[in-house]
Amino acid sequence: MAELQAMTALGARQAAVAVVGPVTITERCDVALASVAARRGRMADLARAAQAAGVPLPDAARHAGGAVYNAFWVAPEMWFVEAPFASHELIADQLKAALGDAASVTEQSDAWVIYDLTAPDLAPLLERLCNVDFPAAPDGFATRTVIEHLGCYLIRHGRGQVRIIGARSSAGSLLHALEVAAAAAW
Amino acid sequence: MTQSNRISGGQIDRTKTLRFTFDGIPYQGHPGDTLASALLANGVRLMGRSFKYHRPRGPMTAGSEEPNALVELRSGGRQEPNTRATVAELFDGLSANSQNRWPSLRFDAMGINDRLSTFFAAGFYYKTFMWPKAFWEKLYEPIIRRAAGLGSVSREEDPDDYDKGFLHCDLLVIGAGPTGLMAALTAGRAGKRVILADEDFRMGGRLNAETLAVGGTHGADWAAGVVAELASLPNVRLMPRTTVIGAFDHGIYGAVERVSDHLALPAAGKPRQVLWRIYSHRAILAGGATERPIAFENNDRPGIMLAGALRAYANRWGVKVGQRVAVFTNNDDGLRTAEDLKAKGVEVVAVLDSRQGDEVIDTSGRLGLKSIIVRDAKGRTREIAVEALGVSGGWNPNVNVHSHHRSRPVYDPTIAAFVPGAEGPPGLMVAGAAAGVLSTHGALRTGRDAAVEALGLTGAADLPEAEDAPVRIKALWHVAHGKGRAWIDQQNDVTVKDVKLAKQENFTSVEHLKRYTTLGMATDQGKTGNVLGLAIMAELTGRSIPDTGTTIYRPPYTPVAMGALAGRSRGTEFKPFRLTPSHHWAKEQGAVFVEVGMWLRTQWVPKAGETEWRQSVDREVLATRRSVGICDVTTLGKIDIQGTDAGAFLDRVYANTFSTLAVGKCRYGLMLREDGIVFDDGTTARMGEHEYVMTTTTANAVPVFRHLEYCRQVLWPDMDVQLISTTEAWAQFSVAGPNARKVLEKVVDQDISDAAFPYMGARNITVCGGLRARLFRISFSGELAYEIAVPTRYGDALLREMLARGAEYDPIVYGTEALGVMRIEKGHVAGGELNGQSTALNMGLGKMVSKKKDSIGMVLSQREGLVEAEGYRLVGVKPVDPKGKLSAGSHFLEKGAAAVAANDGGWLTSKVYSPHIGCDIALGYLKAGDQKIGRRMRAVNLLSGQDTEVEIVSPHFFDPEGERLRG
């Protein structure tokens with residue numbers, strides 16, 4: 001695929017890194033994403049196949065890590081699965097092969113921009129961005145929320161470690177919102 | 001001027017001096033001062049002019065209930081009108097100006113209104129200015145508005161930022177007086193997540209303004225100690241300078257935090273204010289109480305204040321309002337003012353207790369109080385020279401937030417005031433003075449108990465010792481003696497006479513009283529005046545106060561800056577932008593963009609030498625029709641539909657059939673609403689046995705997805721269908737024109753000859769040596785055309801590659817304007833036709849609504865009124881004279897018919913200039929249009945003055961047989 005050069009969601013060749021006060025915002029272009037939804041009445045089949053393939057299928061509002069695949073819940077019997085882009089650019093095909101006809105799998109890698117946020121404590125930032133009760137949320141919490149009018153997924157990996165997944169086309173607006181909120185928060 | 005009225009004590013930092021100006025005159029104050037306290041310290045009592053009569057006014061209160069001392073702060077973009085000097089925190093360099101006066105505060109020409117007050121009684125503008133009718137809007141109202149002004153705005157852009165945010169807690173405590181502090185301490189020590197919000201910059205509430213002891217120490221010191229302990233608890237968030245503005249649904253409270261208002265400039269990156277949405281399990285309203293005045297003649301002069309305010313200035317700010325002071329009270333609390341002032345060395349020349357028969361019946365002093373006229377129990381009058389008068393008519397619990405869900409306060413005669421009613425916002429309790437418990441001990445006790453009850457705590461902490469004096473009051477609302485005006489609502493200049501007039505004219509309901517006299521309708525919402533007004537109405541009508549009732553409060557508790565409500569959503573950041581995959585390429589080319597919802601789409605791409613948009617658009621259209629053009633169509637909604645019932649599902653949501661579509665093919669689909677009107681259109685491709693990709697219009701991408709989810713989850717939960725949006729996952733380009741295939745062959749790895757990839761084909765392919773991609777052979781331009789999609793990150797590269805590799809065919813990139821021209825030339829419906837009022841039949845697509853199956857909207861689309869032969873039909877329109885101009889929105893009229901609604905034949909929905917045909921062309925809905933092809937009519941636009949003779953033609957201006965697109 002080397003003939004075509006990829007562009008990041010922000011229109012660059014390299015993933016962006018922004019540092020605002022104690023927060024580091026890192027764009028992640030190296031994560032492949034696909035949605036996995038159980039076909040009606042096939043949850044047990046999907047669970048078996050997923051377990052065999054090493055695809056975790058966590059409970060509602062949770063993220064779970066695996067050896068290669070990580071996944072977070074997005075809707076009843078539906079998950080987003082993450083994997084390294086370098087090895088899983090064809091993540092949808094790979095998951096289809098692994099999960100068979102028990103699931104509907106859809107490529108999602110390029111539908112989103114992924115920002116990883118790190119700071120000693122992200123609560124002062126997130127309280128200016130969305131209505132998630134971040135301090136009360138456990139690690140591994142995953143939810144859909146709205147940040148500056150944009151529907152986003154938010155995954156808490158730790159008090160100071162959060163992944164925000166937003167619509168790719170609005171990557172610039174979302175980053176701007178994160179940056180100005182970070183400047184205001186500290 | 002030195003601070004001549006500064007006395008000892010107070011919670012100000014005398015080691016630092018702050019310089020500020022008022023009306024250009026320099027003064028000095030100290031950290032801890034408000035603008036009002038600092039001005040009073042400098043001997044300035046006159047701070048404003050009243051709303052209607054332009055009466056000289058000074059501060060009446062020492063808090064946010066202030067009706068009079070409204071000033072403009074700062075200048076330029078930061079100029080802020082109607083700021084209450086009593087809560088404006090002093091900072092070095094503050095510049096304040098009085099408002100609503102001309103030419104100066106001391107001499108205000110509009111003061112003539114006061115002399116003419118007879119003409120300005122309540123309702124005067126309902127009775128006057130009636131003739132001539134047209135004068136109201138153009139002449140009278142502007143004059144009245146100018147005269148009855150508040151502050152002014154600079155009309156410059158506010159340079160500061162405003163944030164919004166979200167907080168969560170177990171307990172929100174509103175107000176940090178003794179009640180709130182005790183509640184927060186109880187909950188905080190129990191480990192609960194507590195937010196304690198107070199509008200003041202110093203927590204402690206009335207304890208800061210009193211000399212009362214709590215737990216054997218000065219109340220203010222006790223408060224400071226509690227605040228320090230709360231600050232040390234990680235589960236407690238202290239929010240000074242934060243006003244809880246309202247109780248909203250589901251335990252959500254709005255609060256405005258003034259982050260930088262007390263600074264000359266916000267720190268870099270910091271907002272001026274933050275509008276917080278606080279999600280609380282439980283809340284305690286500990287908002288205290290507001291003292292109310294007594295109405296007597298000329299009770300509005302600068303220097304006449306609430307008694308509690310007078311002692312607050314002395315105790316908290318070390319300020320005497322005058323050296324000779326009198327107190328007029330109907331209750332014991334007023335007597336505290338006299339005691340405290342005496343202790344501070346202020347000369348208290350008279351204590352007038354209405355319970356002893358003493359009353360103030362008039363005052364003098366044009367720009368500030370000089371004397372009061374007092375009448376004793378025996379009817380003797382005397383004049384006493386004073387510079388300040390403290391008035392206490394009792395205390396009104398601050399029930400405001402409790403009323404925000406329409407709870408009616410109830411009257412408590414023991415304190416002569418309204419207390420919170422039974423049905424407040426769920427989860428909100430009221431404690432302390434806000435609940436009518438007016439002693440310090442009562443405040444501490446009810447604050448603690450409320451926290452215990454709200455959170456289900458076991459065991460309660462001991463209370464510190466504090467005074468528990470009973471309320472001794474004999475209600476007095478207004479002094480009957482005196483013929484002049486006695487003010488009730490000082491901000492809106494409502495007097496006792498106005499209430500009498502309202503009664504005389506039978507506006508006796510409190511709601512009518514409010515609207516007729518404007519009582520309580522000013523920015524202070526009548527915090528000091530409302531109860532007075534309704535009590536006087538009760539007296540006049542002979543009804544009891546409970547029978548008279550009270551009006552209630554709405555959010556916000558105090559005025560909120562528009563900027564705080566807007567947050568960061570202003571200017572170019574009003575909403576986020578969505579950028580297409582070709583955005584960066586287009587920007588390099590100097591493309592012109594158009595906002596389509598949140599998307600920024602390329603409208604056209606000007607070339608060197610093109611000075612007018614039509615040149616670019618015409619060129620793009622002609623070049624595409626001549627050779628090949630590429631357009632970014634990523635913005636069209638894409639929905640991945642999978643499952644064993646996907647085909648059956650599509651049959652139900654589309655008017656036409658999709659279950660029979662072969663794998664590898666796509667089909668144009670029409671989606672109806674339940675009422676039979678067309679909802680959206682687009683193509684849907686079958687990529688596998690149980691896998692479809694639907695496209696929607698750009699505008700309806702989200703509504704269609706939402707609709708499909710509703711169908712899936714609610715209407716037919718038994719169907720095996722899974723949906724997900726893939727709009728953003730694929731960069732999709734339309735490649736159109738006779739050489740479209742030749743350009744695509746340069747990048748596509750597979751055979752896409754007409755035989756291998758026929759019209760309406762749809763398949764997964766690869767491009768440029770193996771990159772996964774999708775190809776759809778569809779056309780909305782009438783040309784041989786395809787849509788090619790690659791993962792979004794490769795969209796920019798694919799576009800550049802197609803332009804480079806296909807260079808021999810001179811491919812151009814066209815924008816939405818050329819797209820519109822070509823679809824109209826081809827007669828395809830789009831936004832103007834998909835207007836939410838039109839059926840498939842109207843669009844000439846009636847046959848697409850299959851009767852062989854049921855689908856959403858099918859039955860209702862067959863309603864009698866929607867299928868009549870004389871109904872609207874889509875037609876094409878050309879001017880008879882090629883130079884004739886058309887406008888979208890013009891109406892069809894027969895030749896010679898008057899331009900009146902009765903003769904209306906329909907309207908032009910979309911219009912473009914067609915470089916292919918060489919004139920304006922349009923689509924339109926014409927009554928029985930399908931029977932009128934070839935007829936000459938007029939397209940009339942009364943707004944633009946156009947009246948153009950037109951010919952009704954087929955909507956398919958271009959290649960009506962479709963030979964080119966199948967080529």
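Modeller: In this predicted model, 37 residues of chain A are in contact with 38 residues of chain B, two residues being in contact if their C-beta atoms, placed from the backbone, lie within 7 Å. On the side of chain A that touches chain B, two or more residues come from each of β3 (31-38), β7 (103-107) and α4 (171-185) of chain A. Helices (H or I, at least four residues) and strands (E, at least two) are DSSP runs, numbered from the N terminus. α4(A) gives the largest share of that side, six residues. By type, the side of chain A that touches chain B divides into 14 nonpolar, 13 polar and 10 charged residues; Ala, Val, Leu, Ile, Met, Phe, Trp, Tyr, Cys and Pro count as nonpolar, Asp, Glu, Lys and Arg as charged, and the others, Gly among them, as polar.

The predictor gives the complex an ipTM of 0.98 and a pTM of 0.95. For chain B, the mean pLDDT (the predictor's confidence in each residue, from 0 to 100) is 95, and 99% of the residues reach 70 or more.

Chain B has 21 helices and 49 strands, and its C-alpha atoms fill a box of roughly 110 × 70 × 55 Å along the principal axes. Of its 967 residues, 55% count as buried, that is, with 20 or more other C-beta atoms, placed from the backbone, within 10 Å of their own.

Residues are numbered from 1 along each chain as its sequence is written, and chains are lettered from A and ligands numbered from 1 in the order in which they are written. As the model is predicted, local features need pLDDT of at least 70 and side-chain atom pairs count only at pLDDT 80 or more, while totals for chains, interfaces and linings use all residues.

Note on methods: Buried ≥ 20, exposed ≤ 12 C-beta atoms within 10 Å, placed from the backbone.
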